[in-house]
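Please open the model in your viewer and keep the selection panel at hand.

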Amino acid sequence: MNTPNGYTEIIQMFGNPANADGSLNHAWEDANIIKVPPPSQWRLFYQSDAITLIPISGIRMHHLLAGSFITVMQEIWDHAKQLVSATASDDEVRAWLHQNRLDQTGGGFNFRMSTGDTSKLSLHSFGIAIDWDPLHNPHKKPLTKTLPDWWYDIWNRNGWSDGRHFKKPDPMHVQFATGA
Ligand SMILES: [Zn+2]
């Protein structure tokens, strides 16, 4: 699947989540947004604030991205396991991922305007963007991040771009699109 560039290609590939009046098209949401579970060894959490982590069974996103998301999560797991040790148990890998907060999301689908440009729909509105560990990878200048470079490389290799290079850096953010 090729990564779309710009809103025209994004809408061609994923449809338009907005009605003519700018509100959410619920029929589009029902037809396109699903909760995608990560590979079964993963435990994911929703990072709701600095002290509250809520276990979740998956992330809501556009159904066309389910396969890519699962591939990325498997590659992240495999890389983390190498860093722990070749013989690490699933519990040990999970503990390492948790210590490094790679298992903490700020959410996928969310119908709202872009925080960078409030005249445009956020790519979260299409279900094609996911935020990770927002507390430690904030949307602000200068770039402040804890997510490792190898982690971004895995997303990038699978067609996702990220917000490190945005005018106002958004390192928590990965998206299956460019030019938007
Ligand atoms: Zn985001």
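Select helix H3 (residues 66–84) together with helix H5 (residues 149–157): the two pack at an angle of about 150°, and their axes are 9 Å apart. H3 is therefore roughly antiparallel to H5; angles under 35 degrees count as roughly parallel, over 145 as roughly antiparallel, 65 to 115 as roughly perpendicular and the rest as oblique. Axes are lines fitted to C-alpha atoms, for helices over the stretch in contact, and angles run from 0 to 180 degrees between N-to-C directions. Helices (H or I, at least four residues) and strands (E, at least two) are DSSP runs numbered from the N terminus. The model is a predicted one, in which local features need pLDDT of at least 70 and side-chain atom pairs count only at pLDDT 80 or more, while totals for chains, interfaces and linings use all residues. Residue numbers start from 1 along each chain as its sequence is written.

The crossing of H3 past H5 is right-handed, meaning that the near helix is turned clockwise from the far one by less than a right angle. Now display the side chains at the contact: H3 supplies Val72, Glu75, Ile76 and His79, and H5 supplies Trp150, Trp151, Ile154 and Trp155. Residues are in contact if their C-beta atoms, placed from the backbone, lie within 7 Å. By class, this contact of H3 with H5 has six nonpolar, one polar and one charged residues. Here Ala, Val, Leu, Ile, Met, Phe, Trp, Tyr, Cys and Pro count as nonpolar, Asp, Glu, Lys and Arg as charged, and the others, Gly among them, as polar.

Turn next to the sheet. It is open, has six strands in the order E3-E2-E5-E6-E8-E7, and its pairing is mixed; strands pair if DSSP finds at least two bridges between them. E3 and E7 are the edge strands, each pairing on one side only. Neighbouring strands of the sheet are turned by 40° against each other on average, direction ignored.

A hairpin of five residues connects E2 to E3. Tyr46 stands opposite Ile54 in E3, and Gln47 has Leu53 as its bridge partner in E3.

Move across to E8. Is this strand enclosed or open to the outside? Six of the six residues of E8 are buried, so the strand is largely enclosed by the rest of the structure. A residue is buried if 20 or more other C-beta atoms lie within 10 Å of its own, exposed if 12 or fewer, and partly exposed in between. Strand E6 (residues 129–132) runs antiparallel to E8, with three bridges, and Ala129 stands opposite Gln175 in E8. E7 is also joined to E8 by three bridges in the antiparallel sense, with Gly163 opposite Asp170 in E8. A hairpin of six residues leads from E7 to E8.

Within the loop between strand E7 (161–163) and strand E8 (170–175), select Arg164. Arg164 is partly exposed because it has 17 C-beta neighbours inside 10 Å. Beyond neighbours within four places in sequence, Arg164 is in contact with Leu143, Tyr152, Pro169 and Pro171.

Finish at His136, in the loop between E6 and H5. His136 is partly exposed, as 16 other C-beta atoms lie within 10 Å. Apart from neighbours within four places in sequence, His136 is in contact with Arg101 and Thr146.

Technical notes. Two residues are in contact if their C-beta atoms, placed from the backbone, lie within 7 Å.
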